[in-house]
Amino acid sequence: NNQSDMIVGGIIGSNIFNILSVLAFSAITKAVIIDERFAEFDMYVVIGVTLLFSFFLLIVGRMDRYLGLAMFVSYIAFISAQYLLF
């Protein structure tokens with residue numbers, strides 16, 4: 001399905017563009033020091049969630065309320081983990 005391919009491409013492309021462009025422009029002005037927590041936790045969560053939802057969208061082919069709810073709950077869990085664990 002072309003729509004699910006576009007959604008997956010948008011998710012992956014957005015993540016790659018945000019990481020590379022924002023990091024590159026920031027590094028031009030000042031050296032960027034990456035917190036250890038990002039390499040130990042955040043990076044794996046971002047990659048895992050992106051792959052999980054991309055895979056789900058490729059299999060199901062559409063986004064419904066349940067997937068939207070799962071994405072919202074995942075976001076709340078991630079933000080909660082940021083405050084509770086670190």
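Ala-81 sits in helix 3 (helices are DSSP runs of H or I with at least four residues, numbered from the N terminus). The model is predicted: local features need pLDDT of at least 70, side-chain atom pairs count only at pLDDT 80 or more, and totals for chains, interfaces and linings use all residues. Residues are numbered from 1 along each chain as its sequence is written, and side-chain values use heavy atoms, with hydrogens and water left out.

Ala-81 has a relative accessible area of 16%, so Ala-81 is buried (buried means under 20%, exposed over 50%, partly exposed in between, with a 1.4 Å probe and protein chains only).

**Helix packing**

Helix 2 covers residues 36–60 and helix 3 covers residues 65–85. Their axes come within 12 Å and cross at roughly 175° (axes are lines fitted to C-alpha atoms over the stretch in contact, and angles run from 0 to 180 degrees between N-to-C directions). Helix 2 is therefore roughly antiparallel to helix 3 (the cut-off is over 145 degrees). Helix 2 makes the contact through Arg-37, Phe-41, Asp-42, Val-45, Phe-53, Phe-56 and Leu-57. Helix 3 answers with Leu-67, Ala-70, Met-71, Ser-74, Phe-78, Ala-81 and Gln-82 (contact means heavy atoms within 4.5 Å).

**Nonpolar patch**

A nonpolar surface patch has about 670 Å² of accessible area together (Shrake-Rupley method, 1.4 Å probe, with only the protein chains shown as cover for residues). Its members are Ile-12, Ile-16, Ile-19, Leu-20, Leu-23, Val-32, Ile-34 and Phe-38. Patch residues have over 30% relative accessible area and no salt bridge, and nonpolar side chains are joined within 5 Å (a salt bridge is a side-chain nitrogen of Lys or Arg within 4 Å of a carboxyl oxygen of Asp or Glu). Helix 1, residues 2–29, gives the most to the patch, with five residues. Ile-19 lies in helix 1.

**Accessibility and spacing**

Tyr-66 belongs to helix 3. Asp-35 lies in the loop between helix 1 and helix 2. The table sets out relative accessibility.

| Residue | Relative accessibility | Class |
|---|---|---|
| Ile-19 | 45% | partly exposed |
| Asp-35 | 49% | partly exposed |
| Tyr-66 | 67% | exposed |

Asp-35 and Ile-16 are 19 residues apart in sequence and 19 Å apart in space, C-alpha to C-alpha. Tyr-66 and Gly-13 are separated by 53 residues in sequence and by 23 Å, C-alpha to C-alpha.

Conventions: Patch = residues over 30% accessible without salt bridge, like charges linked within 9 Å, V, L, I, M, F, W, Y side chains within 5 Å. Helix = DSSP H or I, 4+ residues; strand = E, 2+ residues; numbered from the N terminus. Parallel < 35°, antiparallel > 145°, perpendicular 65-115°, else oblique.
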